[in-house]
Structure formats: C-alpha cells, structure tokens
Amino acid sequence: MSHLGMLLLGLGLSCLWRAQVRLDRSGGWGRRWQRAWIHFLLPPLLLLTTALALAWMGPWGQMAGVGGWFCYGCALLLLAVAGGVALHWIWEYWRSYQRAHLQALAHVDLHGSPAYVLDLEIPFAAQVGVWNAQLVVSRGLLEQLDDEHLRAVIAHEEAHRHYRDTLWMFGVGWLRRLTGWLPNTEALWQELLTLRELRADRWAAQRVDPLLLGEALLQVVGYGVMEQPAAAWVGFAMAVSSDSGQRLQERIDALLQQAESGPVDPLPDSSSVAIRGWAWLGLALLPLLAIPFHT
C-alpha cells in the first residue's frame, strides 16, 4: 500500500468509526463504560500511529509512490501539532496546580484527607493535579454543608483519587483538543464525564449513605452554576456546567437506586476490562506493521 493510501485509509476509518457511534445506555454499566472508551480512543490513536509510521518511513522508497512528500509533510504536521497541544495542556495543568497552592487560605485535614481551602463563596470540591492529585475545596463548601454531607463529598473526591481520574482525563482531554473535529467527539466526551462521575458515586456510596451523597450533590448544584475550563479544576464533580442537567439527573437516579437495592450491576473488574480494552485498542497499532515492509 502506498503512503497516500495509508493516509487516506487511516483518516477514513477514523471518521467512519466515529460517525457510526450511537450512545446506548443498554447492556449494563460496565459495557457502556467500555464502549465509550473504545469509541473515543481508537480513532485518534489510529491517526497518530498512522502519522508516526509515515514519518518513520519518510518520503522515499517504492511504497511512497505519488504524494510521498505530501504524506510525509502531513504526518510531521500532525505530530508537531500533537506535541504542541500536549505542551500547552501540560502548562495549563501546571498553572492550575500552582494556583491552588498560591490561592489557598489554609491546608486542613478533612476526615483524613488533606485539602487546600480556597477563598471561594460557591461550594466547590476538586482533585487537582495529574498523577499525585490533591484535594481542593472552597470556603463556601465548608460553610454550607454539615459534617455528614461534607464527608459524602470527600468520599466522592477520594474515589476520583482512587481511580486516578485526573491522570486519565488529562490524556483524554489532550486527545479531545487534538481531534475535536472528528464526529461525535463532544458527545463521547460528555459520556465519559458522566460515567466517571457515576463510577465515583458508586465507589463513595459503598462507604457513605447514598442518600447523603445525593443530598450533598443537590445542595451544591442548587447553589448555582459555575463554569470552569476543563484544565482549571480537574476532576470536580459537585459544580456542573449548563449542559449537564441530564448527567445530574442520571447520577441522582443511580444513587436513589443504590440506596434502595444496591447497584444493578457491580463495578466491572478492572483487569478484565483492561484486557478487552487493550485488545480493541491494539487495532490502532496496525499502521506500525507497515514499517518493517517499507522498501
């Protein structure tokens, strides 16, 4: 296959894969989680590995064919843009992490979780950072919630830390910025945000009363709507954006259901999910197989 064919095939498959996405809440929570990740990650990774393979093979050789230099230039451009977006994303994360330290009123212990307190009137809780995320709360949160509801909020944020959601959403946010032009990128992004919060709610509801968590969520959201850039306060769940009313309703319904009879389907086993997920994402590595056969 010529380099131009590889480029067009990678681009075409990525767009077709995303275009046929239909968000479906049937089949259980675990299947929904896995489908969202595979549909979001596979097309961008396929584009990146195709670009990497074309850049590695260069514009020369019999496989290059017509358009060899064009494909080589496109591959280098995509990799350069990917690197630039990654550097800017890292800078934004670092700035938010530093801002949490500089603007903190105090560093306190909240039910065993160290937290920075920000001088914000609106109720707010977040895990800030990438690998070693730290809890950040607002003065308004401490003033508005009683001890029991505050414990529920902290349990939810500890779930984000347990699953290292800030690390995963850092990578997913980078791919979202890089390939936002692909079909259904925003819909899948919102689905991943919803599933992330549902998973954190389930984890927290095993440690605190699900009704308390639901009440805390309603109290905080009822205070008002706060919008923040995705990189500014990574992992926050207690303040919602204007388009997440459906997400909030789904979370409340799930907590009520868990309070009555427990989760309908348990949290999926991480090892089995990882094996199936990596098997699907392995398809993105196929363009690299062309490198040894390049002539």
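Author: This is a predicted model. To start, Glu186 and Arg176 form a salt bridge, with their closest N and O atoms 2.9 Å apart.

Reader: Which helices do Glu186 and Arg176 lie in?

Author: Glu186 is in helix α7 and Arg176 is in helix α6 (residues 165-178), so the pair ties together parts that are ten residues apart in sequence.

Reader: Is Glu186 buried or partly exposed?

Author: Glu186 is partly exposed, at 38% relative accessibility. Arg176 is partly exposed too, with a relative accessible area of 25%.

Reader: What does Arg251 pair with?

Author: The side chain of Arg251 meets that of Asp201 in a salt bridge, 2.8 Å from N to O. Arg251 sits in helix α9 and Asp201 in helix α7, so this pair ties together parts 50 residues apart in sequence.

Reader: And are Arg251 and Asp201 buried or exposed?

Author: Arg251 is buried, with a relative accessible area of 2%. Asp201 counts as buried as well, because its relative accessibility is 3% and the cut-off for buried is under 20%.

Reader: How many salt bridges does the count come to?

Author: Ten salt bridges. One of them joins the side chains of Arg32 and Glu250, at 2.5 Å from N to O. Arg32 lies in helix α2 (residues 29-57) and Glu250 in helix α9 (residues 245-261), so that pair ties together parts that are 218 residues apart in sequence.

Reader: Are Arg32 and Glu250 buried or exposed?

Author: Both Arg32 and Glu250 are buried.

Reader: Which residues are linked with Arg32 and Glu250 in a network?

Author: Glu191 is linked with Arg32 and Glu250 in a network of salt bridges.

Reader: Change of topic. At what angle do α5 and α7 pack?

Author: About 115°, with the axes of helix α5 (residues 147-162) and helix α7 (residues 185-205) 8 Å apart. The crossing of α5 and α7 is right-handed.

Reader: Which residues meet there, between α5 and α7?

Author: From α5, the residues are Ala155, His156, Glu158, Ala159, His160 and His162. In α7 they meet Arg196, Glu197, Ala200, Asp201, Trp203 and Ala204. Asp201 is also the salt-bridge partner of Arg251.

Reader: Step back a bit. How many helices and strands does the protein chain have?

Author: The protein chain has ten helices and four strands. Along the sequence the pattern is α-α-α-β-β-β-β-α-α-α-α-α-α-α.

Reader: What share of the residues counts as buried?

Author: Of the 295 residues in the protein chain, 48% are buried. As for contacts, taking those between residues at least 6 apart in sequence, 73% join residues at least 24 apart.

Reader: Which residues form the nonpolar patch on the surface?

Author: Trp280, Leu283, Leu286 and Leu289 form it, and together they have about 400 Å² of accessible area.

Reader: Where does Leu283 lie?

Author: Leu283 is in the segment after α10 (270-281). Leu283 is partly exposed, with a relative accessible area of 36%.

Terms used: Residues numbered from 1 in each chain as written. Predicted model: local features only at pLDDT ≥ 70, side-chain atom pairs only at ≥ 80, totals over all residues. Heavy atoms only, no water. Helix = DSSP H or I, 4+ residues; strand = E, 2+ residues; numbered from the N terminus. Buried < 20%, exposed > 50% of the residue type's maximum accessible area, 1.4 Å probe, protein only. Contact = heavy atoms within 4.5 Å. Patch = residues over 30% accessible without salt bridge, like charges linked within 9 Å, V, L, I, M, F, W, Y side chains within 5 Å. Areas by Shrake-Rupley, 256 points an atom, 1.4 Å probe, with all protein chains shown as cover. Salt bridge = Lys/Arg side-chain N within 4 Å of Asp/Glu carboxyl O. Axes fitted to C-alpha atoms, helices over the stretch in contact; angles between N-to-C directions. Left-handed = near helix turned anticlockwise from the far one by under 90°.
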